[in-house]
Amino acid sequence: MNQVSQLDRVHQAKDSLESQTIPAWITFLLAASCGLIVANLYYAQTLIGPIAAATHLSSGAAGLIVTLTQIGYVLGLLFVVPLSDIIENRRLTVISLSVVVVALVAATLASNAALFLGASLFIGLGSVAAQVLVPYASFLAAEEHRGRVVGNVMSGLLLGIMFARPLASFVSGLWGWHAIYAISAVVIALLTILLSRVLPQRQPVPSMNYGGLIRSLGTLLKNTPVLRRRAIYQASLFGTFSLFWTTVSLRLADTYHLSQQGIALFALAGVAGAVASPIAGRWADRGWTRPLTGLAFVLAAVAFLIAYLFQNDSRVTLGLLTLAAILLDMGVSGNLVLGQRAIYSLGNEARGRLNGLFMAIFFVGGAIGSSLGGWSYAYGGWGMTTLIGLAVPVLAFLYYLTEKKQA
């Protein structure tokens with residue numbers, strides 16, 4: 001009887017947590033935390049040139065700098081994020097962030113490719129703490145406001161992604177590429193302490209052990225068509241996103257002869273694309289998920305079409321390339337919120353696993369895009385790279401046209 005009553009109290013506490021209105025300061029803290037954490041995945045994107053030179057990586061292998069970080073992230077999504085369905089979420093977040101701090105220190109001290117690439121893998125692995133916090137926010141939000149809350153938190157995450165590139169370039173121009181990793185190590189260490197002290201606890205009620213949890217991933221993927229479709233949508237868009245941002249810094253340096261500060265300003269312009277995230281969340285709450293999904297593919301295709309058609313070294317072309325970056329970021333960030341809102345509506349008990357699967361699948365797309373971008377730019381130039389980037393959202397749009405109901 002005592003065990004039954006204790007279980008009832010746990011369920012009641014959980015239900016109370018999920019039904020209450022999320023305080024604005026918690027939303028802001030979660031958004032800021034996700035941005036600071038996930039930025040670690042993207043600092044290297046505009047620093048590929050100097051990092052590759054310092055660690056003696058060839059131009060063809062330079063894409064590994066981003067790809068290995070994304071592979072680490074995928075591994076964390078598949079094997080760490082599901083733990084949020086059975087382990088107290090604050091504790092899991094703190095442990096994951098501790099891994100990130102150690103890996104950032106290693107990257108700061110790295111003087112060869114092996115050490116830096118190994119650190120990159122663990123930076124990605126630990127940074128999945130952000131994907132523990134996003135579904136945590138959805139647990140706190142009422143159903144009718146879930147899209148808005150997730151959109152706000154994701155806008156913080158996406159701002160972290162987009163500000164990471166210009167920030168890394170600015171810092172690198174001043175103090176060298178190692179400095180951004182040293183600064184981030186200090187910031188993430190302080191954030192870990194803050195979150196450990198102020199976040200409310202969320203103790204899920206486990207319905208299975210870890211082995212069963214991992215085995216259930218295949219069943220969830222098989223039996224959840226909405227998850228499969230939304231993951232494929234986002235994988236295609238994120239693949240083109242990673243392909244673009246892995247190669248555009250090389251393009252800017254080679255064709256427009258921009259310094260790291262110039263590349264930083266270009267990347268900063270792309271931040272404007274993050275405005276699509278909270279807007280998409282609000283419009284999804286109104287039932288506009290399906291048409292907005294189609295619009296996301298159109299924006300990505302138009303972005304690469306502009307980049308392909310205008311390839312000279314004029315200022316006008318540079319301006320059009322900036323517009324392409326903004327359109328691409330809008331499509332990717334907006335569609336990400338649409339997808340997460342859709343899968344968070346599928347059920348509470350498996351939300352961590354659903355989110356882990358969703359993110360893992362589309363980050364596989366990102367890893368493929370990064371490695372493909374490095375290869376295509378090295379052997380086919382910007383023309384081949386942009387043609388590949390154009391083809392992917394077009395094919396994804398054709399797949400989207402087969403959707404018979406809102407997903």
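Figure 1. The lining comprises 16 residues, and Y42, L158, I161, F238 and L336 lie nearest the centre of the cavity. By class, 13 of the lining residues are nonpolar, two are polar and one is charged. The volume of this cavity is about 100 Å³, and the whole structure holds six cavities of 30 Å³ or more. A cavity is a set of points on a 1 Å grid over the protein atoms alone where a 1.4 Å probe fits but cannot get out, and lining residues have an atom within 4 Å of a point. A volume is the space filled by probe spheres set on points joined across faces, edges and corners.

**Figure 2. The largest pocket is lined by 18 residues**. Those nearest the centre of this pocket are A32, G35, L36, G160 and F163. Two or more lining residues come from each of α2 (24-38), α8 and α9 (178-198). Helix α8 gives the most, with six residues. The volume of the largest pocket is about 300 Å³; a pocket is an open set of points with protein on both sides within 12 Å along at least five of seven lines. Its lining has 14 nonpolar, four polar and no charged residues. Here Ala, Val, Leu, Ile, Met, Phe, Trp, Tyr, Cys and Pro count as nonpolar, Asp, Glu, Lys and Arg as charged, and the others, Gly among them, as polar.

**Figure 3. The second largest pocket has a volume of about 180 Å³**. Helices α13 (276-285), α14 (289-309) and α15 each give two or more residues to the lining of this pocket. The greatest share, five residues, comes from α15. Of the 14 lining residues, A276, L292, L295, L299 and M330 lie nearest the centre. Eleven members of this lining are nonpolar, three are polar and none is charged.

Figure 4. Beyond its neighbours within four places in sequence, I263 is in contact (heavy atoms within 4.5 Å) with T46, S169, S249, L252, A253 and L258. The C-alpha atoms of I263 and F170 are 8.7 Å apart, although 93 residues separate the two along the chain. H257 belongs to the loop between α11 and α12. At 65% relative accessibility H257 counts as exposed, a term that requires over 50%. H257 also has a positive phi of about 55°, although it is not a glycine.

**Figure 5. Residues 1-19 have a pLDDT under 50**. The model gives this stretch 13 contacts beyond four places in sequence. Where pLDDT (the predictor's confidence in each residue, from 0 to 100) is low, the predicted coordinates should not be read in detail. Over the chain, the average pLDDT is 86, and 91% of the residues score at least 70.

**Notes.** In this predicted model, local features need pLDDT of at least 70 and side-chain atom pairs count only at pLDDT 80 or more, whereas totals for chains, interfaces and linings use all residues. Residues are numbered from 1 along each chain as its sequence is written, and side-chain values use heavy atoms, with hydrogens and water left out.

Technical notes. Helix = DSSP H or I, 4+ residues; strand = E, 2+ residues; numbered from the N terminus. Buried < 20%, exposed > 50% of the residue type's maximum accessible area, 1.4 Å probe, protein only.
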